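Work through the exercises below with the sequence and the model side by side.

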Amino acid sequence: MLTVKFKKINNAVYMSHIDMQTVINRTIKRAGLRPEYSQGFNPHALLKLSVPIPLGYASVAEYFTLEIKDVSAQEFLEKTKNTAPQGIEFIEAWDTAVKPNLTGKTIGATYKIDYKNIASIEEKLNDIIENKQFFIEKKTKKDVEIKEVSELIYGLNYTENTLLVTLAAGEKTLRIDKFIEFINKNFELEISSVDALKIAQIIDNGNKISADEYMKKLTL
Amino acid sequence: MRFEEILLKVEKPGRYVGGEYGLPDVNKPRKLNFCMCFPDVYEVAMSNLGVKILYDILNADKDIVCERCFAPWIDMGKALKENDIPLASIETRKPLKDFDIVGMSVQYELAYTNILYMLDLAKIPFRAKDRDDSYPILLAGGPCVANPEPFADFFDLICIGDGEVADLEVAKVVMKYKGNKQKILEECAKIEGIYVPSLSEMKDGVCVTPVKKTVVTDLDKAHFPVKPLVPNIEIVHDRPILELYRGCYAGCRFCQACFFYRPIRIREKETIKKYAEALIKNTGCEEIGLSSLSSGDYPDVCGLIKELSTLADENAVNLQLPSLRLDSYTAELTRKTRHGSLTFAPEAGTQRLRDVINKNITEEDIERTMRLAFSEGYRSVKLYFMVGLPTETDEDVLGIAEIAKKVKRIYIQTTGRKDINISVSTSVFVPKPVTPFQWVAQLPIEEMKRRQALLRSELKKVKGSSYSWHEETTSFMEGVFARGDRAQSALIERAYELGAYFDGWSEYFKYDVWVQAMNETNTNPLKYTGEQPMDKPLPWDFIDFGVKRAYLEKEYNLALQEKTSEGCKFGCKGCGANKYVNCKIQKD
């Protein structure tokens, strides 16, 4: 089984999670590669995308797994070099004997937010989280539900103009757009989706490690 | 708000950002910028074969860069206006106004207001006469050019017929005389197929300057996009298309495409196979499709499908077949391309009326095919008909329900079961230019409603059947424009000002707006939907389509006598279209 790490940047950020499945499948087929197909009435490629990223957000750490025969990780990357649409780039691949179950083990996503003087909100934001005052609105079918989600913020790291934030992703999720919406509203900032970039996916494998580290261990 | 921010607020932002696999080099040095436009949304536009062909041809030219721009959906249109962002191309976000040529493919009458919608958003004046040398040359094409008069005032040039050759010639002229609109128009008027409304002479409201339709004579050698753009979002027909042939052998008297696209030009089987292989490889798509007016009439269609499905199987792609004419249906095809539901279009409910429209399908054909289909395992049938065909009586309308009953009977006989699904759909007949029915009257709206209601009540008695029908008012407006004249540009403009656009999307079609616009512009719709005198020139008579008016008259007279005429599959019937090139006649 192959696990592939890819970038989704520039205009590709406007592709939905569902469309991504088709886009990646076609990229692989254009490379002359043939994924394994499910059996049954409506066969589909055994290609599984990891946790979705909200529309409009860029990432350099997206993952999918793929059942494919007779292709090494290296060959896969070489063959698909020029077959992806703009903004999609396969950057790393691992060949493992076992299923990595990346989606099941994913617990978080780390985003880098570049914004002028972002570090100035540090103290106040820490207070808010400590006092469990981080509220987001969630639209349900009937009305708007307000939820306190401090426990879904796993880590904050500031330098002057950059904020690294790790948010829950997987079984429990705090979407990056909701996070930004909150700090924009509370601190009168104008951070937009283009200022944020997903840089890592976090796995809980006993320890919290990045998906890349996890995959490297599995490959060894 | 910046454009990037708007993208996050609208539905399906993927419509506006491009980046598809297969993009040409839009940064190459060029002498001409062409923007290919389509007055409907991305998903519809990108499904259009004509757009794909022309985009490919233009970009293949070393001196031309062709980009795309499609009608933004309502939410995006509003946002562009509110933020004063002019409509721009997908590829480089260059405003439409800055192109040398803006081409617009006009596919259906109800898209006319969307032409104005796009021009409005692009800040380009609607009428050709109000645009000076600084504006792009506006060029129209597409099937609606069979009668271009309703929108003629909006365009500088209109390409009548296949755009493959003419569009390139127009581009060369514009390249040469850029900035001198008058000279460009004069030179383009000399190109076969190019109609220049502003230079044409009008007599009694009808254009009298002759224009000859242009055709690609050798389809087999014609340019075909084997590396089309592969969209990143799901589109309407999300598969690459193989065009088998242009023109049609059948000769159904209501069908504009049949007569407009003659002569019949075939793409050879080997060429199609070669293209199929390339498309599978270059797009990576899950499915490929076939396209032509009646694919079942392609010479040796079974042989072709057999070879294509082998190729498809080898590459793990699905071969999607278009609906086939009932009489060309064979068990072999059904088995190769198993679908959930069988689609048939008898078009009329009785043999008499089918003879009138020259739909050469008999009751026996229907029975034989149904028996075959049901024994092959089909449980669901879609039947397409038209209401309001010339000479139609209540008996013909009720005949549609009779066919549904018969289909059900055959199902029970063949399978011993009753679990059939029959869905009957009717559209309303719209008399179209360049057909034998171009003179006949369209039904008044009230009569359309009455006949639909009659059928509805009769079909209620057929358990397992469902009935859907076209909205009468949209068919009526389609009828108004189909045989419209130059005076209608004022109507289209007024309707747009009053809020009509995306009329082709039934949920946005506002009939009351059209009624108001017709009142305010003194447009009598019945002038266009009523019977047209045979002794007077029609608004599109200045166009030489190849098919002669006398031939259409002859076919019309046969229709009135309830007589069929054999299609042209096995011999030329002398319609006149073969003056371009001899139609491919099948000798077997």
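**Exercise 1: domains**

The C-alpha centres of domain 1 of chain B and domain 3 of chain B lie 39 Å apart. The model is predicted, so that local features need pLDDT of at least 70 and side-chain atom pairs count only at pLDDT 80 or more, while totals for chains, interfaces and linings use all residues. Residues are numbered from 1 along each chain as its sequence is written, and chains are lettered from A and ligands numbered from 1 in the order in which they are written.

Task: state which domains are assigned in chain B and in chain A, and describe the contact between the two domains of chain A.

Solution. Begin with the bounds, which come from an automatic or database domain assignment: chain B is given domain 1 (3-212), domain 2 (217-338) and domain 3 (339-470). For chain A, the assignment gives domain 1 (2-95) and domain 2 (106-209), and the C-alpha centres of these two domains of chain A lie 27 Å apart. Next, apply the contact criterion, by which two residues are in contact if their C-beta atoms, placed from the backbone, lie within 7 Å; 11 residues from domain 1 of chain A and 13 residues from domain 2 of chain A then take part. Finally, sort by class, with Ala, Val, Leu, Ile, Met, Phe, Trp, Tyr, Cys and Pro as nonpolar, Asp, Glu, Lys and Arg as charged, and the others, Gly among them, as polar: the side of domain 1 of chain A that touches domain 2 of chain A has 8 nonpolar, 3 polar and no charged residues.

**Exercise 2: the chain interface**

Task: find how many residues of chain B are in contact with chain A, and which elements of chain B give two or more residues to that side.

Solution. Counting contacts between the chains gives 20 residues of chain B against 22 residues of chain A. Helices (H or I, at least four residues) and strands (E, at least two) are DSSP runs, numbered from the N terminus, and on this basis the elements that give two or more residues to the chain B side are α1 (3-7) and α9 (269-283) of chain B. The largest share, 3 residues, comes from α1(B). By class, the chain B side that touches chain A divides into 9 nonpolar, 7 polar and 4 charged residues.

**Exercise 3: strands and their partners**

Task: determine which strands pair with β1(A), and give the strand order of the open sheet in chain B.

Solution. Strands of a sheet pair through backbone hydrogen bonds, either parallel or antiparallel. Two strands pair here if DSSP finds at least two bridges between them. Strand β1(A) is joined to strand β3 (residues 58-66) of chain A by 6 bridges in the antiparallel sense, and to strand β4 (residues 88-95) of chain A, also antiparallel, over 7 bridges. A residue is buried if 20 or more other C-beta atoms lie within 10 Å of its own, exposed if 12 or fewer, and partly exposed in between, with C-beta atoms placed from the backbone. Because 6 of the 7 residues of strand β1 (residues 2-8) of chain A are buried, this strand is largely enclosed by the rest of the structure.

In chain B, 6 strands form an open sheet of mixed pairing in the order β2-β1-β3-β4-β5-β6. Its edge strands, each pairing on one side only, are β2 (64-70) and β6 (194-195) of chain B. Inside this order, strand β1 (residues 32-38) of chain B and strand β3 (residues 101-105) of chain B run parallel and are joined by 4 bridges, and B:V102 in β3(B) is the bridge partner of B:C35.

**Exercise 4: backbone geometry**

Task: say where A:E188 lies and where B:E347 lies, and decide whether each is buried or exposed.

Solution. Most residues other than glycine have a negative phi, and most peptide bonds are trans. A:E188 has a positive phi of about 50° although it is not a glycine, and its place is in the loop between α5 (176-187) and β10 (196-205) of chain A. With 7 C-beta neighbours inside 10 Å, A:E188 counts as exposed. B:E347, also not a glycine, has a positive phi of about 70°, and is found in strand β15 (residues 342-347) of chain B. With 24 C-beta neighbours inside 10 Å, B:E347 counts as buried. A cis peptide bond, with omega about 0°, joins B:R262 and B:P263, and B:P263 lies in the loop between α8 (256-260) and β12 (265-266) of chain B.
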